[in-house]
Structure formats: C-alpha cells, structure tokens
Amino acid sequence: MSSCPCGSGRSFEDCCGPILAGEPAPTAEALMRSRYTAFVRHDLDHVERTHAPEIRDDFNRGEAERVAEESEWQRLDILRASEEGDSGVVEFQIHFRRDGNDMRHHERASFRREDGRWLYVSGEVNPKGEPRRVVKVGRNEPCPCGSGKKYKACCGK
C-alpha cells in the first residue's frame with residue numbers, strides 16, 4: 001500500500017485513488033488533493049474532467065502534460081479550505097522541482113458543486129491577503145486601549 005501523494009497521510013487507495021477512478025470528491029479540498037495527485041501520476045484526464053464546463057476549452061492539455069512530466073512533485077500544502085453550500089475555496093501551495101530549481105505555486109482556487117460533483121472553476125495565483133488597516137491616533141485623542149487617558153499619556157508614551 002502506497003501513501004497518497006497529496007500528503008493526507010492516508011493510502012492512495014483510501015484517499016485520491018477512488019476519486020481519480022471516477023467517484024465524486026466529498027469536498028472541494030478532496031478534489032484539490034486529487035487534482036494534485038493526478039499531476040503527480042500524470043493522470044491528466046482527471047484534471048481535465050474536473051474543470052467547470054465554462055473553462056474546459058481553455059485547458060491546454062499539451063502544456064499540462066509537459067509540466068507534469070518535467071516536474072518533480074515534492075508536496076502539496078493546503079493553507080485554507082472552506083465551503084458554503086455548493087461553493088468552495090481552497091488556498092494551497094504546491095512545491096516542485098523543475099529545471100533544477102525548487103519552485104512553488106501558490107493559488108486560491110474556487111470550486112463549485114454540480115450534480116454532487118465538485119468542479120474547479122478558477123484560481124488566483126499568488127493571492128493577496130486582506131489589506132492592513134492602520135488607524136492613526138492623535139496625541140491628544142482618547143487612547144484606543146480604553147483607559148480614559150489621552151493617547152500621549154497612555155500607550156503613546
């Protein structure tokens with residue numbers, strides 16, 4: 001029994017194997033894991049059939065095969081995964097080696113469930129986080145810590 005390339009810690013037969021064989025993925029994260037495993041195993045039929053219909057024509061099979069063959073897949077890290085109804089978002093990083101260089105692909109992918117099957121809809125490469133908001137407090141304004149003192153006499157010292 002071999003461990004699954006997706007990094008779940010489970011065997012391939014109990015993890016991505018059934019999904020690559022055609023069973024529906026139970027979650028958006030499970031589909032993402034199976035798509036990574038499909039690249040590792042050069043099973044690009046799975047990658048292609050799990051694209052949403054509206055992006056299926058944009059899939060470049062030749063390029064995907066070249067990337068799959070030329071890369072040494074190292075690991076998949078799931079950073080966040082969430083679902084709400086029939087929509088899911090999975091943020092992940094793929095670590096791989098290509099042309100002698102260690103590389104990383106960071107993506108926030110969107111998924112949709114149709115007829116009980118999760119599909120890859122789109123992805124944002126190198127997604128940016130929420131912008132930091134900084135509130136500037138004047139020296140004579142009340143301190144935001146709630147002490148009742150002026151900022152300059154409290155946290156602004």
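1. A salt bridge is taken here as a side-chain nitrogen of Lys or Arg within 4 Å of a carboxyl oxygen of Asp or Glu. By that criterion the side chains of Arg112 and Glu114 meet in a salt bridge, at 2.7 Å from N to O. Arg112 is partly exposed at 24% relative accessibility, and Glu114 is likewise partly exposed at 30%, where buried means under 20% relative accessible area, exposed over 50% and partly exposed in between (1.4 Å probe, protein chains only).

2. The model is predicted, and local features need pLDDT of at least 70, side-chain atom pairs count only at pLDDT 80 or more, while totals for chains, interfaces and linings use all residues. Residues are numbered from 1 along each chain as its sequence is written, and side-chain values use heavy atoms, with hydrogens and water left out.

3. Four strands make up an open antiparallel sheet in the order S1-S2-S3-S4, where strands (E, at least two residues) and helices (H or I, at least four) are DSSP runs numbered from the N terminus, and two strands pair if DSSP finds at least two bridges between them. Strand S1 (71-84) and strand S4 (117-125) are at the edges with a single partner strand each, so one side of each has no neighbour in the sheet. Neighbouring strands are turned by 25° against each other on average, direction ignored; axes are lines fitted to C-alpha atoms, for helices over the stretch in contact, and angles run from 0 to 180 degrees between N-to-C directions.

4. Strand S3 (residues 101-114) pairs with S4 in the antiparallel sense over eight bridges, and Glu114 stands opposite Arg117 in S4. Helix H2 (residues 28-40) packs on the sheet, touching S1, strand S2 (87-98), S3 and S4, with its direction at about 170° to that of S1; contact means heavy atoms within 4.5 Å. Helix H5 (residues 61-70), by comparison, lies across S1 and S2 and runs at about 120° to S1.

5. The whole structure holds 15 salt bridges, among them the one between Arg61 and Asp45 at 2.9 Å, N to O. Arg61 belongs to helix H5 and Asp45 to helix H3 (residues 44-49), so this pair ties together parts 16 residues apart in sequence. Salt bridges that share partners join Asp45, Glu48, Arg61 and Glu65 into one network.

6. Glu70 forms a further salt bridge with Arg98, the closest N and O atoms being 3.0 Å apart. Since Glu70 lies in helix H5 and Arg98 in strand S2, the pair ties together parts that are 28 residues apart in sequence. Glu70 is partly exposed at 36% relative accessibility, whereas Arg98 counts as buried at 16%.
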